[in-house]
Amino acid sequence: MHLIMILTAVAVSWILRCSWVNSPGNWNLRWRKALFIFLFPPLLIFMTAIALLCMGPQGKMGGVYTGWLSYDLAFVILGYFAFLCIKLTIQGWQSVESARHAPLINLDGKSARLINTPTLFAGQIGFWQPELVVSQGLLQNLSPAHVESVLAHEQGHHYYRDTFWFFWLGWVRACTTWLPNTDALWQELLVLRELRADSYAASQVDPLLLAESLVLVVSQTSVLPESAVCCAALGSSLGDRLEQRIDALLAPPEPKLAMNWQSWQGFILAFIPLFTVLFHT
């Protein structure tokens with residue numbers, strides 16, 4: 001019976017991931033849809049594994065005796081998830097420590113780390129309280145107005161705590177690389193993250209100026225790879241995603257949809273496996 005629970009969770013997760021289709025539209029709605037399909041499958045598998053550990057390898061469920069196979073499998077799943085979390089935490093800490101070796105400067109009243117490279121780069125690096133990191137090339141090649149627009153974008157990442165939340169989303173990505181559409185959903189979340197930061201910046205600076213800055217920065221080779229842990233940078237969109245961001249900046253601003261209880265109630269279904277503990281004897 002426990003093995004059936006695991007297979008059911010995997011099957012539901014697989015079907016849900018296969019159902020995702022990338023469709024244009026309001027980026028707020030796209031964010032909710034992509035986030036749900038990205039998070040629900042691993043949460044369901046995680047809760048199923050926890051339920052099996054709580055029930056143990058002995059006893060009966062639904063009149064069927066349980067065994068060690070499903071219990072060991074649940075233990076391996078949770079152990080693997082924990083290993084990936086520790087690995088990403090170490091990589092993130094290394095990124096933070098590397099940034100802290102750069103000298104501190106003052107930019108319009110904000111402290112930032114300056115890295116000595118001609119590449120145009122600006123990004124937030126860290127966890128809950130990230131630090132702004134900018135390159136020498138950015139300050140030398142962009143006008144003060146363009147630099148201001150870049151800083152406004154990075155302030156958007158700081159406002160939404162993108163480095164913190166995307167650290168955990170990156171962990172989910174690492175745990176579910178074997179599920180369909182994992183990478184496609186990750187790319188969708190990345191561009192929606194940038195669209196959200198762009199929208200925040202556009203409320204403070206000229207959107208056209210921000211679009212020009214975006215084109216200039218993205219045209220350069222990035223200092224850090226897009227998959228860098230705990231990093232949210234202005235130029236983290238390439239190809240058609242850059243076109244999406246430019247179009248969004250030049251279009252009228254979209255209304256922001258308030259997050260409410262209804263936005264999260266679908267995740268309650270992922271906790272159903274925990275209730276099966278009551279039927280274990």
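Let me begin with a term: two strands pair if DSSP finds at least two bridges between them. Strands here are DSSP runs of E with at least two residues, helices are runs of H or I with at least four, and both are numbered from the N terminus.

Hello everyone! What you see is a predicted model, where local features need pLDDT of at least 70, side-chain atom pairs count only at pLDDT 80 or more, and totals for chains, interfaces and linings use all residues. Residues are numbered from 1 along each chain as its sequence is written, and side-chain values use heavy atoms, with hydrogens and water left out.

Let's start with the sheet. Five strands make up an open, mixed sheet, ordered β3-β4-β6-β5-β7. Which strands stand at the edges? They are β3 (104-107) and β7 (231-233); each has a single partner strand, so one side of each is left without a neighbour in the sheet. On average, neighbouring strands are turned by 35 degrees against each other, direction ignored.

As a reminder, strands of a sheet pair through backbone hydrogen bonds, either parallel or antiparallel. We have both here. β3 runs antiparallel to β4 (residues 110-115), joined by four bridges, and L104 stands opposite R113 in β4. Their hairpin has two residues between the strands, and D108 takes a positive phi near 50 degrees there. On to the next pair: β4 and β6 (residues 131-135) are parallel, with three bridges. In that pair, I115 stands opposite S135 of β6.

Now two helices. The axes of α5 (residues 144-159) and α8 (residues 207-218) come within 9 Å and cross at roughly 90 degrees. Axes are lines fitted to C-alpha atoms, for helices over the stretch in contact, with angles from 0 to 180 degrees between N-to-C directions. That makes α5 roughly perpendicular to α8, a label for angles of 65 to 115 degrees. In contact (heavy atoms within 4.5 Å) are A145, H146, S149, V150 and H153 of α5 with L209, L210, E212 and S213 of α8.

α2 gives the largest share, four residues.

Methods. Angles under 35 degrees count as roughly parallel, over 145 as roughly antiparallel, 65 to 115 as roughly perpendicular and the rest as oblique.
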